Each structure stands twice: as structure tokens, then as C-alpha cells.
Amino acid sequence: ATDEKSWPWLMVVFCEIANMTEALRVNTGSVIGLDIGGTKIAAGLVSFPEARVLTRRQCATRPQRAAEQILDDVLTLVAELSEFCRMETGRSPDGIGAGVAELVDHDGNVTSSQTIPWRGFPVRECLSRFAPSVVESDVRAAATGEALLGAGKEYELVVYVTIGTGISYSLVIQGLPYAGARGNALVLASGTNMFECEHCGRENHFTLEEFASGPAIASRYMAARGRRGIRGEDVVLAAEAGDSTALGILSSAERAVGAAIGWLVNILDPEMVIIGGGLGLSGGEYWRSLEVSTRDHIWAGDSRDIPILPAALGR
């Protein structure tokens, strides 16, 4: 087995198994989990009931490509894992669960193209050539995994926030993710807020994801330093090394995201908050400042001390 905790598609598997049809509710067998994000496509074959990772695959997403090209890479990984499953177990996978970094409706249709150009694209139908398949938003898959088996397993009302390439959330109620009327109840930082300066009257537009996500802090750092090829994790490392520019950018990002998480707590009143994603799990000063900002923006006194925990199952 490999290290399951470092692989977010394991959470996808657990989420999708919980929502599959009766034909896929197997006591023993293997399931393919897919995590299709803006940076990478991660895939793994997981055996049940022991939830053991048998093998894994990964490739770069390169989301600027055509929808068909990205899907071809996904199907290649699925074909490789399906063949491995047949060789190792003598049978085909029992199902496929895919988490996609986009909006996904109740029928498994991708309904946005913010990162991956799959809006209206028959992703589930193509995966179903290999095995019965379900498609879900990646943040809801991760949130469900954390609520059932991770940091939130002792709680019934959990908010999960991911901070990485994007910033989004999911509310999980008694082990079930709340998707909203159309599957869109995950948008936290993609929409633009408008406010007018009381001093000069200027109309300002602010999008949290364009200010505080991993790519955003990297872009801000590169612009300030006149450098290229910087990633979000590089800014975190620079801040930890005492780089004043990185410290300033990271501090402003932490405060802004903390305000958004505090706002979520104010309107949803969860029992606890779980934070995941590559940037969200940076630890160190980033985590400490994010937690302080979050609690500072929680209005109700008896909510201000709720547990705020890092994701236990991985990014």
C-alpha cells in the first residue's frame, strides 16, 4: 500500500462510494478514485472493505488544453488502473468516483469551466465505459471524506474549506454534503465583491481568489519582485525565511481568507471547521495567522472558540 493520507483522491473514493447506486455497494472489491484539479490529475485504485491503496498514477492537468485532451489523459489513467485491477484481482473495478475542480450538479454534470473546460462535456458518460461512474465537485468529495473518516468524524455539522489553486467550501450535515438547489453551494471566493471608497468615491472590485489563492500570492510576489516561475509554496517558504515582501503578501492573504471563513461560521453556525488544500495545510505562521483572523471575524461569542482543524486525510 502507499501513503493514503497524502492523496486527496482517497477522499473522493469515500465520498463517491457513499453516493453510488446499490449495484456499487459492494462488501469487497476495488474502486478507482480520480482527483482532477487545476495542477494535476491524481488517480488511485483502492480495495474495500479495508480501504487499502493498491496503486496510484498522476499526470499534469495543463488546463489550458482542449477538453478532449484533458479527458484523454484521465481515460488513459483509468485504463491503466483497470488493467492493473484485472491483473491483481482477476476482475474489473467495481466503480469510478471522480472529483472535479468545477461546479457539478446533482446529476454529475460539470456546469462551469473556471479551471477545466468541461462545462457540458460528457465526462461521466466517458468514464462509464470502464465501470459505473459518478462525478462530484472535488471540494464536496474532500469534505465528505473528512466528515466521515477524517478530522470531522466526531461531529454532525462540519464546514470544510480548501485553500490552494482555488478557494471553496462545503457544508456537511450528518455525513452528507449540502450541494444546494443546483450543486453550486461551494462558491466562496470566486465571485467579485464591489464597494465604494467613502473618501474618493472610487468603485472597487475585489475577488478573494484572485488575491489569496496559491496562484494569486505567487503572482503578487512575482509582480513585486520582478521575478518569474514562482509558485504559492515558494512564497510560503520565502516568508518562513524572513522575506519581508513574502511576509506582507502572505499576511494580507491570511487576513482576507480568515475573514471569509469567519463569515461562513457566522451564517452557517457549524460545530467545527476543517481547512485543507495545499496552501491551507502549509502550517507554521500561515496557519496561526489564518486561525487568528478567522476567530477575529466570528461575531457570536459562543462560536468564537469552535474547533478549527487541519484536514486529516490530505490536501
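This is a predicted model: local features need pLDDT of at least 70, side-chain atom pairs count only at pLDDT 80 or more; totals for chains, interfaces and linings use all residues.
Which residue takes a positive phi just after helix 7? Gly242 does, with a phi of about 95°. Helices here are DSSP runs (H or I, at least four residues), numbered from the N terminus. Residues are numbered from 1 along each chain as its sequence is written, and side-chain values use heavy atoms, with hydrogens and water left out.

Helix 7 itself comes next. Gly232, Val235, Val236, Ala238 and Ala239 of this helix are buried, buried being under 20% relative accessible area, exposed over 50% and partly exposed in between (1.4 Å probe, protein chains only). These five sit on the same side of helix 7, because the arc they cover around the axis is only 165°, taken from the directions from the helix axis to the C-beta atoms. Turned away from that buried side is a face with the exposed residues Leu237 and Glu240. Helix 6 and helix 8 are among what covers the buried residues, where contact means heavy atoms within 4.5 Å.

Now for the packing against helix 8. Two packed helices are described by the angle between their axes and the distance between the axes. The axes are lines fitted to C-alpha atoms, for helices over the stretch in contact, and the angles run from 0 to 180 degrees between N-to-C directions. For helix 7 (residues 232-240) and helix 8, the axes come within 7 Å and cross at roughly 115°. The crossing is left-handed, a label used if the near helix is turned anticlockwise from the far one by less than a right angle, with right-handed used if clockwise. On the helix 7 side, the contact is made by Val235, Val236, Ala238 and Ala239, and they meet Ala246, Leu247 and Leu250 of helix 8. Sorted by class, that gives 7 nonpolar, no polar and no charged residues. In this sorting, Ala, Val, Leu, Ile, Met, Phe, Trp, Tyr, Cys and Pro count as nonpolar, Asp, Glu, Lys and Arg as charged, and the others, Gly among them, as polar.

Helix 6 (residues 214-225) also packs on helix 8 (residues 244-268), with axes that come within 10 Å and cross at roughly 145°. This crossing is right-handed. Ile217, Arg220, Tyr221, Ala224 and Arg225 of helix 6 touch Thr245, Ala246, Ile249, Leu250, Ser252 and Ala253 of helix 8.

On to the charged pairs. The whole structure holds 11 salt bridges, each being a side-chain nitrogen of Lys or Arg within 4 Å of a carboxyl oxygen of Asp or Glu. One of them joins Asp234 to Arg231, with the closest N and O atoms 3.5 Å apart. Asp234 is partly exposed at 22% relative accessibility, and Arg231 is partly exposed at 48%. Glu83 pairs with Arg86 at 3.2 Å between the closest N and O atoms. Both lie in helix 2 (residues 67-89), 3 residues apart, or about one turn of the helix. Glu83 has a relative accessible area of 37%, and Arg86 is likewise partly exposed at 37%. Arg140 and Glu136 meet at 3.0 Å, N to O, and both of these residues are buried. Finally, Arg62, Arg65 and Asp73 are linked in a network of salt bridges.

Conventions
Helices (H or I, at least four residues) and strands (E, at least two) are DSSP runs, numbered from the N terminus.
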